[in-house]
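Thanks for coming. I will go through one structure today, starting with a term we need for it.

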Amino acid sequence: MNRRTFIGAVGTIALGGGYLGYELFAPEPATRGNEEPSGGTVLKSGPFAGRADHECSGTVELVEDADGLFLQFREYQQTQGPDVFCYLTPAEDPDTSEEIDAGTKILIDDGADGGEITTVGTFSQRLPNGLKIADLSGVGIWCENFSVPFGAATLSRV
């Protein structure tokens, strides 16, 4: 076996081992119940669609109540992965790094699990103050580790 073949084999084993380790030891996603917004008005909504061979489904709603804005995820589910985050963007159907970079990172569960989007089911996430409804057109689910989209939704007025 020559040196190049040996290095290639070691690299393949290391990458495969890392992926297998993640699949074997990654935490199961948290499942949440049917949390309904109380007294809020749905301003925009849209269905999720998977991207880059990843599964992502359910719907997302931009809701306003007396305390401000929040996202309501309904029957949400996605392919699990490392460093997957939610972004609220000015772009519809955001799935490029430029569109994600122009958005606002939303830390799910107020930063629990590092803010990654590991929750499935129906749940809500309060948004930071200062966001302008007119500037919010899409939700992107983005893997920062590999710079790839897992899913996206276009927010349309209801």
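Buried means under 20% relative accessible area, exposed means over 50%, and partly exposed is in between, with a 1.4 Å probe and protein chains only. This is a predicted model, where local features need pLDDT of at least 70, side-chain atom pairs count only at pLDDT 80 or more, and totals for chains, interfaces and linings use all residues. Residues are numbered from 1 along each chain as its sequence is written, and side-chain values use heavy atoms, with hydrogens and water left out.

Now the salt bridges. Side chains of opposite charge can pair when their charged atoms come close. The term here means a side-chain nitrogen of Lys or Arg within 4 Å of a carboxyl oxygen of Asp or Glu. The whole structure has five of them.

One joins Asp-95 and Arg-51, at 3.5 Å from N to O. The two residues are 44 residues apart in the chain. Asp-95 is partly exposed at 29%, whereas Arg-51 is buried at 19%. Together with Asp-93, these two residues belong to a network of salt bridges.

Another joins Arg-74 and Glu-61, at 3.0 Å from N to O. Arg-74 lies in strand E5 and Glu-61 in strand E4; strands are DSSP runs (E, at least two residues), numbered from the N terminus. Arg-74 is partly exposed at 22% relative accessibility, and Glu-61 is buried at 13%.

Then there is Lys-105 with Glu-144, their closest N and O atoms 3.1 Å apart. Lys-105 is in strand E7, while Glu-144 is in the loop between E9 and E10. Both are partly exposed, Lys-105 at 33% and Glu-144 at 31%.

Note on methods. Helix = DSSP H or I, 4+ residues; strand = E, 2+ residues; numbered from the N terminus.
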